[in-house]
Amino acid sequence: MSEAAIRFTQVRASLAGSPSHLQLDLQIEAGQFVVLVGPSRSGKSLAIEMAAGLVPPQSGKVMVLGQDWNAVEGADDGPVRLRVGTVLQQPGLLSNMTLFNNVLLPLRYHCGAMSDGEREQAVMAQLEPLGLLSLRDRFPAELHQGEIRRGAIARSLMLEPEVLLLDDPVAGLDADMVLVLKQYVDARRQQRPLTVVAALRSFSPFIEGADRLVVLQEGRVVADGSLESVGSTVPSALRRYVE
Amino acid sequence: MLPYNFAVTQGVEALAGSWLLLSGGGGAHLMIEWVGRKTIAGYAYLAALATLFIQAVLDLLSPGRQGRRETLRVLTRQILFTGVDALPVTSVIALLLGIIIVTQAGTQLPRLGAGGLVGSIIVITVIRELGPLITAFIVVGRSGTAIATELGNMSVTREVVALRLMGIPISQFVIMPRMVGMVLSMLCLTFYFDVVAVFGGYLVADAQLTIPFSAFVESVTRALSTTDLLMTAIKGFGFGSAVAAVCCYHGLAVRSSYTEVPQQTTRAMINSFVLCLLVDVVVTVPLYL
């Protein structure tokens, strides 16, 4: 069995806007594509934020690539941080930069030795498959929600992370673009090992590429397994999330 | 570190709150408690600003190996916006102030038999006091509020979090270049303001009071000492640091709502004015003791 990329060990955290608590004991193997699915306020986004080291658990431990987020603080989390790409519900493209410069920023900041030509080539290689090439010189305020999200996903993959955390990656995307995004993630996973954890609030074709589905309800895992196996074990009230 | 700043403020405020709860009722009692609580919160606020400033100095002295060019780019933009772009408005205000002061001094002083003190008046009022202070007010109004608004919006749209997720330290990429840019711009603008204001004074001295250029320059240089220049520099540095720290602090204090942005920007502006005057008192008063 391969090494766990992400491990939630007896994690407990309060869910904002809900009396329930997130209780998670989950291990995600390196290279797996895992989708967390469930209704709003079930703890999907919180799990993503904890895996990204943004929110500490009230108890328990969150390990990502062998690193306990509780053991690192602030700026010291740099080396681990660069191995994890994250896109939250609010993607956070910098509003004073064009899409091109936004996607370029991680390279410009962390890879000073690269030539400008190499960097431009790297950015174009990210924008092209996501259908963003013609929008490269637009500012975030001039983009649609789905375009912003795709731009943020491209940016999060610029440093070739080992783990990709996506919170609601299909929000604002039309049906075609969901398939484009799915193909893009699949292609990236074929190129090099990439663990993908995505949180979704409804069924989407994006789920079909997942190795594993974890269904959450009120902070608890109610079903866990492949798309086929989860379909038969998930409570009937949640069946529409996986079918 | 930035989270530490907020932790300090919140921690001390919580401590003060607990003290309030423990100590019980009574009108006067409550009043004293309120004053105590506000005082403690004030000290905590100043401590948070100092921490922000010290972190910026540390980031400046020991920049990380990565991101130097990007940080320099942000710094350059800040200097252009705060310093270079402010030159026209600074010129107009400085020129008008110089004209007003020399007009007043030139018409009032001769009545008291002190017509030869025009140079001293220019040095004392403009170079020592009004120059640095009005420059600081211009910078607060133009750039301080812009920084607070920009950082506030960045916080709401989670751009600040996105930077952190990209492994880009906020203190190094966002705060330090804005602080350094503002301090350098404030220093240069202050001296520029003084020069233009003195020139404005000369225009009046020449046209209205018929004081020739050489006599005016001699009068000003005679009144001007190294201490005046040093004080101007210290004030420029102090005001720049204070304004930058206050505006960055309030911008990053915005949490989740756009309505917090104007609230924090207003606080940043008012607190910047108060802190500049406080720094002015701390720097000026010992000189006359």
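Helices (H or I, at least four residues) and strands (E, at least two) are DSSP runs, numbered from the N terminus. The exercises below use these elements in a predicted model.

**Exercise 1. Elements of chain B**

Task: State how many helices and how many strands chain B has, and give the order of its elements from the N terminus on.

Solution. 
- Step 1. Chain B has 10 helices and zero strands.
- Step 2. Read from the N terminus on, the elements of chain B are therefore written α-α-α-α-α-α-α-α-α-α.
- Step 3. Along the principal axes, the C-alpha atoms of chain B fill a box of roughly 65 × 55 × 35 Å.

**Exercise 2. Two helices of chain B**

Task: Describe how helix α5(B) and helix α8(B) cross, and which residues make the contact.

Solution. 
- Step 1. Two packed helices are described by the angle between their axes and the distance between the axes.
- Step 2. The axes of α5(B), residues 118–156, and α8(B), residues 213–223, come within 7 Å and cross at roughly 50 degrees.
- Step 3. Angles from 65 to 115 degrees count as roughly perpendicular and angles under 35 degrees as roughly parallel. The two helices, α5(B) and α8(B), are therefore oblique to each other.
- Step 4. The crossing of α5(B) and α8(B) is right-handed.
- Step 5. On α5(B) the contact is made by V118(B), G119(B), S120(B), I122(B) and V123(B), and on α8(B) by F216(B), S219(B), V220(B) and A223(B).
- Step 6. Sorted by class, this contact of α5(B) with α8(B) has six nonpolar, three polar and no charged residues.

**Exercise 3. An open sheet in chain A**

Task: Give the strand order of the four-stranded sheet in chain A, and find which strands stand at the edges.

Solution. 
- Step 1. The order in this open sheet is β2-β1-β4-β5 (chain A), and the pairing is antiparallel.
- Step 2. At the edges stand β2 (21–29) and β5 (67–68) of chain A; each has a single partner strand, so one side of each is left without a neighbour in the sheet.
- Step 3. Strand β1 of chain A, residues 4–14, is joined to β2(A) by eight bridges. V11(A) stands opposite L24(A) in β2(A), and A13(A) has L22(A) as its bridge partner there.
- Step 4. The hairpin of β1(A) and β2(A) has six residues between the strands, and G17(A) takes a positive phi near 75 degrees in this hairpin.
- Step 5. Five bridges pair β1(A) with β4(A) in the antiparallel sense; T9(A) stands opposite K61(A) in β4(A).
- Step 6. Helix α1 of chain A, residues 44–51, lies across β1, β2 and β4 (59–64) of chain A, and runs at about 120 degrees to β1(A).

**Exercise 4. A second hairpin**

Task: Describe the hairpin of β9(A) and β10(A).

Solution. 
- Step 1. Strands β9 (residues 212–217) and β10 (residues 220–225) of chain A pair in the antiparallel sense over five bridges.
- Step 2. V215(A) has A223(A) as its bridge partner in β10(A).
- Step 3. Two residues lie between the strands of this hairpin, where E218(A) takes a positive phi near 45 degrees.

**Exercise 5. A salt bridge**

Solution. 
- Step 1. Over all chains, a search of the whole structure finds 18 salt bridges.
- Step 2. In the salt bridge of E162(A) with R83(A), the closest N and O atoms are 2.8 Å apart.
- Step 3. E162(A) lies in the loop between α5 (145–156) and β7 (163–167) of chain A, and R83(A) in the loop between α2 (78–81) and β6 (84–87) of chain A, so the pair ties together parts that are 79 residues apart in sequence.

Methods
Residues numbered from 1 in each chain as written. Chains lettered and ligands numbered in written order. Predicted model: local features only at pLDDT ≥ 70, side-chain atom pairs only at ≥ 80, totals over all residues. Heavy atoms only, no water. Pairing = 2+ DSSP bridges. Contact = heavy atoms within 4.5 Å. Axes fitted to C-alpha atoms, helices over the stretch in contact; angles between N-to-C directions. Parallel < 35°, antiparallel > 145°, perpendicular 65-115°, else oblique. Left-handed = near helix turned anticlockwise from the far one by under 90°. Nonpolar A, V, L, I, M, F, W, Y, C, P; charged D, E, K, R; others polar. Salt bridge = Lys/Arg side-chain N within 4 Å of Asp/Glu carboxyl O.
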